[in-house]
Amino acid sequence: MNDKGNKNRWLGLLFICFSLLIISLDNTILNVALPAISTDLGASQAELQWIVDAYILVFASLLLTMGAIGDRIGRKRILQFGIAWFGVFSLMAALSNSVEMLVAARALLGLGGAIIMPATLSLVTASFRDPKERAQAIALWAAVFGLGAGIGPLVGGYLLEQADWSAVFMINLPVVAVALIGGFFFLEESKDEAAPSPDVPGVLLSIAGLFLLVYGIIEAGVDGWGASNVVTSLGVAAIILVVFFAWESRTKNPMLPLYLFRNPSFTGANVAVTLMFFGMLGVFFAISQLFQSVQGYTALETGYRLFLPTSLVLMFTAGMSAQVAQRIGTKRTVGLGFLLAASGMAVLSQITAADVSYLGLLGGLLMMTGGIGIAMSPATNSIMGSVPAHKAGVGSAMNDTTREIGGALGVAVLGTVINNAYLDQVATLKTQLPPEAYGIVSSSIQGAHAVASQIGGPVAGVIVDVANKAFAAGMADAMFIATFVMVSAALFTLIVLPSEISCIEDDCEDEVDFGTLPEPVAVAGD
């Protein structure tokens with residue numbers, strides 16, 4: 001890095017964070033606008049699902065490819081292109097006058113997100129070569145990601161009270177402008193100067209395999225794990241990904257060098273990130289439905305009651321986690337975060353009443369997000385510190401891909417747990433309702449409330465009471481599963497993840513050295 005780039009690295013980080021804010025806001029702000037979109041465009045529930053999933057499918061399937069391309073052509077260049085792309089198709093989404101146009105815009109936004117996300121983290125790694133500075137910069141990166149994801153529903157709820165649903169896309173434009181202009185002046189270019197020729201078969205196999213994998217997981221949360229489309233999608237994805245890894249192990253210039261997985265700092269942290277987002281997104285999927293569909297909070301109320309306090313705690317703990325990791329090591333910090341998150345989920349698993357108090361929920365949620373914040377940035381730093389600088393884009397893309405897969409799995413698995421318990425308990429209504437009404441009630445908690453509002457009278461009260469209790473019971477079961485996953489993640493981390501980050505390549509200049517810090521007390525597994 002030249003003297004100018006070294007001098008501007010912290011100011012550059014500010015605009016990297018603005019770029020990241022575009023993605024983290026967009027991931028959550030849309031959810032609160034779906035009812036308004038349904039009313040205005042006449043979208044069905046299945047079409048609303050595609051408005052959400054079109055982005056996720058394209059985003060998740062292209063992350064690895066875009067990370068590798070960024071290493072090759074330049075991370076600043078591809079970031080600037082991705083930001084401009086995101087601005088153009090945010091405008092297209094805002095101006096959409098049909099469901100089909102909006103789905104297409106969301107898919108194209110997914111491509112922009114896949115370009116931006118790995119470029120931000122790889123630029124952080126390339127800009128901050130000192131291990132301590134890099135750890136702090138990644139902690140700030142993680143804090144901004146958590147803040148954006150948390151305030152998205154709050155901002156969305158406010159915008160929907162002031163304007164129509166298109167505002168949730170128009171809000172991206174000023175953020176895009178700031179990120180573009182600031183990044184142009186204060187970010188330095190970096191790339192792999194010895195980039196090999198493109199691995200075209202690897203690119204095609206990874207895109208197809210990841211697309212089918214994420215599609216299968218998403219559909220499992222809707223149709224069930226035994227549905228033919230789910231089994232087919234996951235089966236074909238498994239075959240393609242096996243072929244992908246076989247190809248990558250044999251080709252001369254692999255897109256994803258498999259030697260990286262021999263390093264426990266890389267592999268252990270990627271598994272940890274997968275489990276982390278399994279728990280966090282799965283829990284928020286359940287809790288947000290409890291707030292809005294069961295307890296009746298509006299989107300804006302859900303934003304400031306649920307997402308604002310939890311995102312602030314996540315931002316604070318992620319920001320301080322670098323100092324904790326420098327004191328006690330990566331392994332113990334990530335393990336501590338998982339145990340704290342597990343404690344919060346254990347508290348939530350004891351809540352079986354639909355009318356639980358707000359403060360009763362908030363305590364467990366803050367413990368959970370505080371633990372996730374402590375674990376997130378050291379795990380991310382372990383991934384990025386274990387890859388050589390010229391492969392920063394690939395390392396960043398792996399980190400982002402595991403986030404997406406873990407989150408999709410969490411929503412699908414915990415959603416299935418909730419749905420099974422819900423179906424068991426609402427079965428008592430089968431003899432009291434017409435078949436068509438019971439079908440709607442059994443489809444979702446939202447359907448139950450809709451049927452109750454149409455029927456009215458004492459029967460409506462019975463439907464709401466049974467459905468709310470059934471959902472709360474299912475949520476308690478899901479929180480227990482999430483607790484088990486977090487405890488397992490803590491044990492895995494303490495066994496597999498090294499205390500000090502190491503790079504597998506001899507010439508890796510990013511190897512972390514904690515030699516100037518007090519030696520941590522040895523424990524089993526070190």
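The model is predicted, so local features are described only where pLDDT is at least 70 and side-chain atom pairs only at pLDDT 80 or more, while totals for chains, interfaces and linings use all residues. Residues are numbered from 1 along each chain as its sequence is written, and side-chain values use heavy atoms, with hydrogens and water left out.

**First stop: helices H14 and H19**

Select residues 330-349, which form helix H14, together with residues 457-496, which form helix H19; helices here are DSSP runs of H or I, at least four residues long, numbered from the N terminus. Their axes come within 8 Å and cross at roughly 165°, where axes are lines fitted to C-alpha atoms over the stretch in contact and angles run from 0 to 180 degrees between N-to-C directions. H14 and H19 are therefore roughly antiparallel to each other (angles over 145 degrees count as roughly antiparallel, under 35 as roughly parallel, 65 to 115 as roughly perpendicular and the rest as oblique). To colour the contact, which means heavy atoms within 4.5 Å, pick residues including Phe-338, Leu-339 and Met-345 of H14 and Phe-480, Met-486 and Leu-494 of H19. The residues of this contact divide into 18 nonpolar, four polar and two charged, with Ala, Val, Leu, Ile, Met, Phe, Trp, Tyr, Cys and Pro counted as nonpolar, Asp, Glu, Lys and Arg as charged, and the others, Gly among them, as polar.

**Second stop: helices H12 and H18**

Next select residues 264-294, helix H12, and residues 445-455, helix H18, whose axes come within 10 Å and cross at roughly 5°. That angle makes H12 roughly parallel to H18. The contact is made by Gln-289, Ser-293 and Val-294 of H12 and by Ile-445, Gln-446 and His-449 of H18, a group that divides into two nonpolar, four polar and no charged residues.

The structure holds 16 aromatic pairs, in which rings of Phe, Tyr and Trp (its six-membered ring) have centres within 6.5 Å, with planes under 30 degrees apart counted as stacked, over 60 as edge-to-face and the rest as tilted. One of them joins Trp-85 and Phe-89 in a tilted arrangement, 4.8 Å centre to centre with 45° between the planes. These two residues are four apart in helix H5 (residues 75-94), and so are separated by about one helical turn. Trp-85 is partly exposed, with a relative accessible area of 21%, whereas Phe-89 is buried at 15%; buried means under 20%, exposed over 50% and partly exposed in between, using a 1.4 Å probe and protein chains only. Then select Trp-165 and Phe-169, whose ring centres are 6.3 Å apart with planes at 90°, so that the pair is edge-to-face; both residues are buried. Finally, show Phe-244, Phe-245, Phe-261 and Phe-266, which ring pairs link into a cluster.

Leaving aside residues up to four places away in sequence, Gly-150 touches Phe-307, Leu-308 and Ser-311. The C-alpha atoms of Gly-150 and Ser-24 are separated by 8.4 Å, although the two residues are 126 residues apart along the chain.

Move on to Asn-381 in helix H15 (residues 358-386), which is buried with a relative accessible area of 7%. With residues up to four places away in sequence again not counted, Asn-381 touches Arg-134, Ala-135, Ile-138 and Ile-501.
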